[in-house]
Amino acid sequence: MAVGPATAETVYEPVPYWARVPHGVWLREATSVAVDSEDRVHVFNRGNMPVLVFDRDGNVVDMWGNDTPFAGTELFEDPYGNTMPRWKGCRFLRPHAITVDHEDHLWLVDDVGNRVTKTDRQGNTLLTLGTGRPAPFQSGEPFNRPTDVAVSPLTGDVFVSDGYGNSRVHRYDAAGTHLLSWGGPGTDEGRFSLPHGLALCGDDAVIVCDRENHRVQVFSLDGGFRASWHAHKAVAVCAGRGADTNVYVAEQGPPPVQQGVPGLGHKIQIYDRTGRLVTRFGAELPGEAPEQFNWLHSVAVDSEGSVYAAEVSYVEVGSKLTPPRELVSLRKWRRVRG
């Protein structure tokens, strides 16, 4: 039975060294995290085994996505202009987001691959959205580097945020037929500057992280604007499960001109469905200590109310170090009281 919503008195504590990643598996960075009905934690990453599955204690119970994880690497240029290694045999060009739907199917977003893949929990493909070729930049046509997926448990309709090279949300039916799109570039209500994450909020609303506009926006299922509220570089959102009616929003840090200034992002904010801030956690400055975040990218919640976070800490921090190195990119915060 899922816990109820958090309050201002709820206490979360970081779980140091939670993820027990096996020797020989290199995450590079965990881009996204999602939790299934059995509280198994599915992690999409940019290493040599793109999907890792953990139990609540951090033990790996399954992995898939590369049949030849030790076959070596090839170089490619990522969207940031960095030349980086990619493992031969990986099914995905650039893992970005993972979602678990109400039937425990997985939805995996490959942003450079311009595809969304639906699989079962063993990784068998059930449905693919996208041709693999980018739509014209900011055309509104699916996809130009999509970012996230949400699925309606009532209808099976699929909502895709199409963010890096587009400014839209696309809606599909359960069979993959495109129904409608909404948005467009801009700062007005209903417009986007990089829609990066989305989730269903209750049965009749879609909440979208409008990252570069520093806000989340709430829409009807048909794209009608309802509300927005401020969040510092809102990058990812998930809704609580069962009785937990909270909305969890991950915030990234400030631009380079403000780096080192405390209190700007690097937090997980917890709201009620009206946008009222309930509580938050995360340190005032980024880092690798258990209570800190480096560069948040995804958030998920299990039935006990514990929170999981994935961070693109290699792209944003580790790749710029001398020498470059993998940093902490997968964390758990346990709900311990309230």
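Biologist: Where in the chain does R145 lie?

Modeller: The model is a predicted one. R145 is placed in the loop between β11 and β12.

Biologist: Which peptide bond is cis, with omega near -20 degrees?

Modeller: That is the bond from P142 to F143. F143 is found in the loop between β11 (125-129) and β12 (146-151). A cis peptide bond also joins T322 and P323, where omega is about -5 degrees. P323 belongs to the loop between α1 (313-316) and β26 (330-337).

Biologist: And what is the phi of H266?

Modeller: H266 has a positive phi of about 60 degrees, although it is not a glycine. Its place is the loop between β21 (247-251) and β22 (267-271). H266 counts as buried, at 5% relative accessibility.

Biologist: Let us turn to the chain as a whole. How many helices and strands does the protein chain have?

Modeller: The protein chain has one helix and 26 strands. Its C-alpha atoms fill a box of roughly 50 × 45 × 45 Å along the principal axes. For 338 residues, a compact globule would have a radius of gyration near 20 Å, and the 18 Å of the protein chain agrees with this. Buried residues make up 57% of the 338 residues.

Biologist: What share of the contacts with a separation of 6 or more comes from residues 24 or more positions apart?

Modeller: Such residues account for 47% of those contacts in the protein chain.

Biologist: How many disulfides does the structure hold?

Modeller: A disulfide is a covalent bond between the sulfur atoms of two cysteines. The structure holds zero disulfides. Consider C201: the closest cysteine sulfur, in C238, is 11 Å from its own sulfur, which is too far for a bond. C201 is buried, with a relative accessible area of 9%.

Biologist: Is T119 buried or exposed?

Modeller: T119 counts as buried, at 0% relative accessibility. Its place is in strand β10 (residues 115-119). Not counting residues up to four places away in sequence, T119 touches W64, R91, H105, L106, L108, N124, T125 and L126.

Biologist: Which residues is S167 in contact with, leaving aside its neighbours within four places in sequence?

Modeller: The residues in contact with S167 on that basis are Q138, D162, W182, G183, G184, P185, F192 and P195. S167 lies in the loop between β13 (158-162) and β14 (168-172), and at 3% relative accessibility S167 counts as buried.

Biologist: How far is the C-alpha atom of S167 from that of V317?

Modeller: The two C-alpha atoms are separated by 26 Å, and S167 and V317 are 150 residues apart along the chain.

Terms used:
Residues are numbered from 1 along each chain as its sequence is written. This is a predicted model: local features need pLDDT of at least 70, side-chain atom pairs count only at pLDDT 80 or more; totals for chains, interfaces and linings use all residues. Side-chain values use heavy atoms; hydrogens and water are left out. A disulfide is a pair of cysteine sulfur atoms within 2.5 Å. Buried means under 20% relative accessible area, exposed over 50%, partly exposed in between (1.4 Å probe, protein chains only). Helices (H or I, at least four residues) and strands (E, at least two) are DSSP runs, numbered from the N terminus. The radius of gyration is taken over C-alpha atoms; the globule rule is 2.2 Å times the number of residues to the power 0.38. Contact means heavy atoms within 4.5 Å.
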